[in-house]
Amino acid sequence: MIVAEKKPVEEIIEYVQDCRKILILGCNECVTVCEAGGKKEVGVLASTLRMYFLNQGKEVKIDEITLERQCDHEYLEEIRDVADQYDAIISLACGVGVQFMAEKYHSVPIYPGVNTCFLGATEERGLWTERCQACGNCMLGITGGICPVSRCAKRLLNGPCGGSSNGKCEISKDLDCAWQLIIDRLKALDRLDDYEKICPIKDWSTDRAGGPRKVVREDVQI
Amino acid sequence: MSVKTPSKLEKILSEGHLAVTSECGPPRGSDPDAVKKKAELIKDYVDAVNITDNQTSVTRMSSLSACIHLKLMGVEPVLQMVTRDRNRIAIQSDILGAASFDIFNMLCLSGDHQSFGDCPQGQNVHDLDSMQLLQTVHLMRDEGKFLGGADINRPPKMFVGAAANPFADPFEIRTPRLAKKIAAGAEFIQTQCIYNLDKFEEWMKQICDRGLHEKVYILAGVTPLKSAGMAKFMKNRVPGMDVPDDVVKRMADTPKEKQPEEGINICVETIERLKSVEGVKGFHIMAIEWEEKVPGIVERAGLYPRPKIEAEN
Ligand code: SF4
Ligand code: SF4
């Protein structure tokens with residue numbers, strides 16, 4: 001899933017302090033799972049803002065809506081009739097949702113309420129970690145199912161570097177060295193010999209480097 | 001191993017001499033004398049001088065330009081290049097630039113993570129990794145081709161090396177990792193500084209058992225300790241460094257004013273012992289901001305005078 005975290009409320013206030021009617025728009029998907037932009041967080045942000053404006057002696061109307069998804073035209077249509085009434089919409093969806101909103105509703109300013117962080121998973125309650133950088137050419141098949149692109153701090157395809165120490169990465173004792181994980185896994189699969197195969201230079205044109213990407217599937221297009 | 005480049009370092013190694021290299025960090029400024037003075041101090045005591053490439057990710061004068069200063073003084077440079085800061089266009093371009101000044105040695109590295117340096121908020125590139133950089137230099141040199149497939153007019157003639165850390169984790173791939181670097185094209189290796197001699201000898205034995213010492217020249221890395229504090233710092237704070245307790249103790253038990261001398265004693269003793277280790281073909285003396293001590297170390301370790309071999313141009 002896409003992992004996001006809440007933006008500091010001061011930053012959000014900065015965007016909307018002159019508004020009179022604000023909509024806070026949550027999303028029921030990834031940001032709900034990572035507890036950054038679901039219904040619950042919409043409620044919390046709304047109360048915080050109400051409190052803030054009350055203290056400022058300002059009368060501001062704040063509404064709360066949480067859509068099934070913000071990265072989908074169909075669900076975004078649900079606010080078609082009300083969107084124009086607001087001076088600002090704070091979207092708690094990931095960057096994709098925020099942009100889709102902005103593309104659809106031209107005349108209302110849309111502000112992001114979360115920082116979109118990475119593609120990852122919930123390791124335990126309150127701990128999310130990165131697993132993929134969407135390089136567009138997945139190499140997990142040769143790395144024992146562990147991604148060096150997203151999990152090695154230098155995205156070494158032929159790691160580890162000399163800084164790997166006690167299973168941890170040179171940049172932090174709290175971070176597993178991806179190459180230690182890969183080697184452990186190759187060992188468990190009885191494939192340690194594969195370690196000596198040199199991974200060739202990667203074609204990064206399917207990565208961010210190649211410019212904004214598109215997937216076109218004519219077979220499923222209507 | 002047959003000689004493939006005009007490198008003086010390669011020639012010395014191929015003739016069976018114990019080679020001696022050292023390194024200089026370029027200045028954090030543009031004064032060419034900062035490089036030249038360091039090189040002047042050591043030039044008659046070493047066969048080649050590595051110039052580090054923004055080591056520990058702290059911004060400095062570029063390795064290539066410092067190498068050119070050395071070359072113009074008649075000192076043989078080893079161009080260090082990290083994959084952290086350049087994509088494949090810049091890498092190939094800098095290799096050609098170095099070759100245009102007849103710089104004949106290169107050390108391929110991935111580089112420390114930028115979070116250690118003065119620009120922790122910067123991007124890192126890592127378009128290639130150090131193994132792929134080795135392959136790239138070979139492609140350019142041996143086949144005279146760019147990565148894009150086109151021919152190179154006057155291909156670079158680089159004697160190409162890599163670093164190895166005999167103490168790095170994971171333990172089980174220490175030797176396979178070297179084998180992989182050799183397969184990628186490493187012709188010489190400069191190791192991480194060695195303080196744990198037993199562990200280093202164990203590594204060398206595994207290398208010799210696999211016959212890898214016949215395929216690559218291994219230069220054992222040494223760094224004289226300046227103080228007990230430095231020994232502790234290296235032990236506890238530098239990733240991948242193995243400083244045994246008895247070395248730390250020996251430094252700590254020495255009165256403060258005598259510690260620099262003791263550090264040099266340890267360094268000389270290390271070289272003496274490693275000279276007889278099978279597969280060790282030379283020494284890489286990294287006297288960090290202490291270049292003036294290199295001549296004394298080389299002399300005391302019985303590695304002076306250096307063989308007289310004229311660099312080809
Ligand atoms: S190899 Fe690429 S696609 Fe596969 S997990 Fe890693 S970043 Fe994602
Ligand atoms: S320590 Fe491991 S994860 Fe960290 S940069 Fe080096 S190889 Fe990558």
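The expected span of a helix is 1.5 Å times one less than its number of residues, and helices here are DSSP runs of H or I with at least four residues, strands being runs of E with at least two, both numbered from the N terminus. With that in hand, helix 10 of chain B, residues 259-275, has 17 residues and reaches 24 Å from its first C-alpha to its last, close to the 24 Å expected.

Before going on, a word on the source: this is a predicted model, in which local features need pLDDT of at least 70 and side-chain atom pairs count only at pLDDT 80 or more, while totals for chains, interfaces and linings use all residues. Residues are numbered from 1 along each chain as its sequence is written, chains are lettered from A in the order in which they are written, and side-chain values use heavy atoms, with hydrogens and water left out.

Turning to chain A, its secondary structure comes to seven helices and nine strands. The radius of gyration of chain A, taken over C-alpha atoms, is 22 Å, well over the 17 Å that the globule rule (2.2 Å times the number of residues to the power 0.38) gives for 222 residues, so chain A is more spread out than a compact globule. Its C-alpha trace spans about 70 × 45 × 25 Å along the principal axes, and buried residues make up 40% of the 222.

Finally, the aromatic rings: the structure holds seven aromatic pairs over all chains, a pair being rings of Phe, Tyr or Trp (its six-membered ring) with centres within 6.5 Å. In one of them, W179(A) and Y195(A) have ring centres 6.4 Å apart and planes at 75 degrees, so the pair is edge-to-face, which requires over 60 degrees. W179(A) lies in helix 7 (residues 178-188) of chain A and Y195(A) in the segment after that helix, so the pair ties together parts that are 16 residues apart in sequence. Both W179(A) and Y195(A) are buried. K180(B) lies over the face of Y195(A), at 4.3 Å from the ring centre, where the criterion is NZ of Lys or CZ of Arg within 6 Å of the centre and within 35 degrees of the ring normal.

Conventions: Rings of Phe, Tyr and Trp (its six-membered ring) pair if their centres lie within 6.5 Å; planes under 30 degrees apart count as stacked, over 60 as edge-to-face and the rest as tilted. Buried means under 20% relative accessible area, exposed over 50%, partly exposed in between (1.4 Å probe, protein chains only).
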